[in-house]
Amino acid sequence: MNLRARRMALGLLGALAVAALAALLVLSVLYMRDMDRAYGRLEGRSTVVDTAHGRVELTDRGTGAPVLVVHGSGGGFDQGELIAEAVLDPSLRRITPSRYGYLRSEAPAGASFDDQAQAYAELLDRLGIDRVAVVAMSHGGPSALLFAALYPQRVASLTLISCGVAATASPDQAQADRQGRMLVTVFSHDLLYWGLSRLLRPQLLRLMGADEGVIAGLTASQRALVDRLVESMNPVAPRAAGAAFDNRAAMPNERIAAIRAPTLILHARDDTLQVFANAEFAARTIPGARLRAFARGGHLLIAVEQPALLAEVDAFIRAHPP
């Protein structure tokens with residue numbers, strides 16, 4: 001290589017290095033700005049109650065018939081509020097706890113979904129509420145199911161949206177479990193989740209249970225709700241213990257046969273994170289349960305079919321008032 005070519009190569013490498021440094025600086029500024037906003041968004045919005053089954057964070061809003069809203073993995077009271085906004089009539093009272101290990105709710109050593117269900121009961125006692133409708137999404141399903149099984153007198157109705165229910169050995173479930181373990185890692189680091197949600201969002205959504213067709217077919221309003229769900233999980237570090245708890249706690253399985261509350265199951269057949277077999281198992285195991293299956297939507301069903309879910313859930317709760 002002659003001197004001129006060497007100089008040109010060095011100049012090009014220098015320019016690339018400067019560009020890379022500038023890009024890194026911009027990303028660092030964006031990351032710090034977004035994290036400041038994300039942590040600030042959580043401040044002053046919730047209260048914490050000490051129970052015999054651990055410290056529980058919650059919000060309690062509205063004055064109508066009470067509904068206990070149980071969030072999914074990667075969530076917290078803030079995701080519960082977003083679920084309530086999407087599928088509940090505003091006139092209803094919304095109790096939205098953070099589950100074990102999420103945000104300011106502790107994860108007691110050796111805790112189970114049974115313990116979480118018992119914490120819900122004590123929480124309702126503290127609020128002076130005898131009976132509620134229960135709406136759960138995704139991995140909020142296990143503790144909601146066990147709450148209904150353990151406290152039948154306290155559950156007026158149970159609605160399951162894209163919920164996990166039982167452990168199986170099917171190939172689809174094995175793949176879903178692999179995705180779940182990957183999400184536990186992603187939910188452990190603010191920078192990793194932020195980078196994926198900012199730079200590789202389609203890949204993140206596939207990991208979260210939606211295929212390429214669902215992602216490509218999102219309308220503007222559907223994408224806006226998906227964006228809110230994704231962004232609401234920032235920051236993830238205060239939710240990492242909860243995601244780890246979800247991944248190791250035992251599922252309810254056949255115990256859900258004890259449920260006597262009217263049960264509505266809403267699930268997409270193409271969900272790759274909480275596979276449709278969960279919905280089928282719940283429908284044939286819970287006495288009188290009704291399954292409303294959707295052909296498309298994946299694990300983003302709450303966004304893809306939001307108007308339909310709002311109508312279904314509202315009618316169901318009003319048919320079985322707390």
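The model is predicted, so local features need pLDDT of at least 70 and side-chain atom pairs count only at pLDDT 80 or more, while totals for chains, interfaces and linings use all residues. Residues are numbered from 1 along each chain as its sequence is written, and side-chain values use heavy atoms, leaving out hydrogens and water.

Let's start with Gln-274, found in the loop between strand S7 (263-268) and helix H11 (277-285); helices (H or I, at least four residues) and strands (E, at least two) are DSSP runs numbered from the N terminus. Gln-274 counts as buried because its relative accessibility is 7%, where buried means under 20% relative accessible area with a 1.4 Å probe and protein chains only. Its side chain makes a polar contact with the side chain of His-139 at 3.1 Å (a pair of N or O atoms within 3.5 Å, one able to donate a hydrogen and the other to accept it; residues adjacent in sequence count only if both atoms are side-chain atoms).

Gln-274 and His-139 also lie, with Ser-73, Ser-138 and Leu-273, nearest the centre of the largest pocket, which 31 residues line. A pocket here is an open set of points on a 1 Å grid over the protein atoms alone, where a 1.4 Å probe fits, with protein on both sides within 12 Å along at least five of seven lines; lining residues have an atom within 4 Å of a point. Helix H5 (171-186) gives the most to this lining, with six residues.

In the second largest pocket, H1 gives the most to the lining, with four residues.

Notes: Buried means under 20% relative accessible area, exposed over 50%, partly exposed in between (1.4 Å probe, protein chains only).
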